[in-house]
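Subject: Structure handover

Hello,

Here is the structure I said I would pass on. My notes on it follow below the structure.

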Amino acid sequence: MSQPPRANVDTYGFEWPKDFNHEQYDQFMSKYLPVLSRRAQKWEKLLNSKQGFRKSNKVKRYVRKGIPSSHRAVIWSIISGAKEMKEQQPDLYTTILRGPMKQEIIETISLDIPRTFPDNIYFKGTSDDSKRESLKNVLLAFAHHNPSIGYCQGLNFIAGIMLLVTDNEDMTFWLLQSLKERILPDYYTKEMTGLLTDIGVLEELIKTKVPQVHERMVQTGVSWSMYVSKWFICLFAEVLPIETVLRIWDCLFYEGSKILLRVAVTLVIKNQDKILAAKNFVEITEVFKSLPLGATVTECHTFMHAIFRVPGSFQAQ
């Protein structure tokens, strides 16, 4: 019996890579979908409980095991603090959009919109279901509300994924605000002090947990910032598979930037043999390009278990 034709895009509208291993992915999803179904039932019960939804060890455990897509937008807004921020200024987003706009910012953002996820059907062209205009609105509002930052490249990919999850401009704006104010302060500034600090912390973690990799990087004169800046700035969007990115963000909104460090350290530890086998700058570069590929990161449920197990404790760092 012939198989029905496979869709050219995944659930979120991303085109499948030409060399994507569908057989491997289907095997993983056949096991993962029942897990998602069970998780959804537990989340439904939690959200409808008389005690209401509030942060706790139980919720933290639930978040680490994955938020169902049907509840993700609402739960992100709660655990990130975005909902609370919006309640304090409920009309802020629409007020900003109605206000004056700086032409320079409009032009800069307009240039980046077509570059945002060109492999996603929702960010191509100007069809009725295109999210390009929504993305532009969110980025304009964020830039004008945060004049000391303005528009920072990388935010387009973050806001783009948020729109795919929330399908709501207002909520996406407030998620960005919570990211900037509460979760990753000083990441999206001209100085990027938060980003540079975390890259330094990552280097120290690698030095402690996989010293051979640290020494190889020093020997070849390779800077960690060359490879991991994009990882951290884009929060692994445009780096890892979308399902894995969403699971990382579930935990990021609850636990903060240490999640980014855990993901980075796990990727390095799981690929340390490849890094150590690289003899020079060019080979190391090729290795780092390959880190976000394959079953290790595609199987998001297994990978998320690994980020809390493989790196060990960060408390002494």
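How much area do domain 1 and domain 2 bury between them? The figure is about 990 Å², with 86% of it on carbon and sulfur atoms; buried area here is the accessible area (1.4 Å probe) that two parts lose on being put together, summed over both.

Before the rest, the basis of the numbers. This is a predicted model, in which local features need pLDDT of at least 70 and side-chain atom pairs count only at pLDDT 80 or more, while totals for chains, interfaces and linings use all residues. Residues are numbered from 1 along each chain as its sequence is written, and side-chain values use heavy atoms, with hydrogens and water left out.

Domains

The chain is divided into domain 1 (85-183) and domain 2 (193-308), with bounds that come from an automatic or database domain assignment. To the contact (heavy atoms within 4.5 Å), domain 1 gives 11 residues and domain 2 gives 13 residues. The C-alpha centres of the two domains lie 27 Å apart. On the domain 1 side, I158, I161 and I183 lose the most area to domain 2, together 49% of what that side buries.

Helix 9

Helices are DSSP runs (H or I, at least four residues), numbered from the N terminus. Helix 9 covers residues 169-183, 15 residues in total, and spans 20 Å from its first C-alpha to its last, close to the 21 Å expected at 1.5 Å a residue. The expected span is 1.5 Å times one less than the number of residues. At the start of helix 9, a side-chain oxygen of N168 comes to within 3.0 Å of the backbone nitrogen of D170. This is a polar contact, meaning a pair of N or O atoms within 3.5 Å, where within protein one must be able to donate a hydrogen and the other to accept it, and residues adjacent in sequence count only if both atoms are side-chain atoms.

Buried means under 20% relative accessible area, exposed over 50%, and partly exposed in between (1.4 Å probe, protein chains only). The buried residues of helix 9 include D170, F173, W174, L176 and I183. They pack against helix 3 (69-79), helix 4 (82-88), helix 5 (92-98), helix 7 (132-145), helix 8 (155-166) and helix 13.

Helix 10 (residues 193-209) has 17 residues and reaches 24 Å end to end, C-alpha to C-alpha, close to the expected 24 Å. G194, L195, D198, I199, L202, L205 and I206 are buried in helix 10. Viewed down the axis of helix 10, these buried residues fall within an arc of 135 degrees, so they line one face of the helix. The arc is that of the directions from the helix axis to the C-beta atoms. Among the elements covering them are helix 11 (211-219), helix 12 (224-233) and helix 14 (258-270).

In helix 16 (residues 281-290), I284, T285, V287 and F288 are the buried residues. Their arc is within 160 degrees down the axis of helix 16, so they too line one face of the helix. The face turned away from the buried side carries the exposed residues V282 and K289. The buried residues of helix 16 pack against helix 11, helix 12 and helix 15 (272-277). N280 caps the N-terminal end of helix 16, with a side-chain oxygen 3.2 Å from the backbone nitrogen of V282.

Most residues other than glycine have a negative phi. L235 is buried at 1% relative accessible area, and F236 is buried at 0%. Leaving aside neighbours within four places in sequence, P241 is in contact with P292, V297 and T298. The C-alpha atoms of P241 and F14 are 9.7 Å apart, at 227 residues' distance along the chain.

Y254

Y254 lies in helix 13 (residues 242-255) and is buried, with a relative accessible area of 13%. Not counting residues up to four places away in sequence, Y254 touches K55, S56, V59, K60, V63 and I79. The side chain of Y254 reaches the backbone oxygen of S56 at 3.0 Å. Y254 and R64 are 190 residues apart in sequence and 9.1 Å apart in space, C-alpha to C-alpha.

Regards

Definitions and conventions: Helix = DSSP H or I, 4+ residues; strand = E, 2+ residues; numbered from the N terminus.
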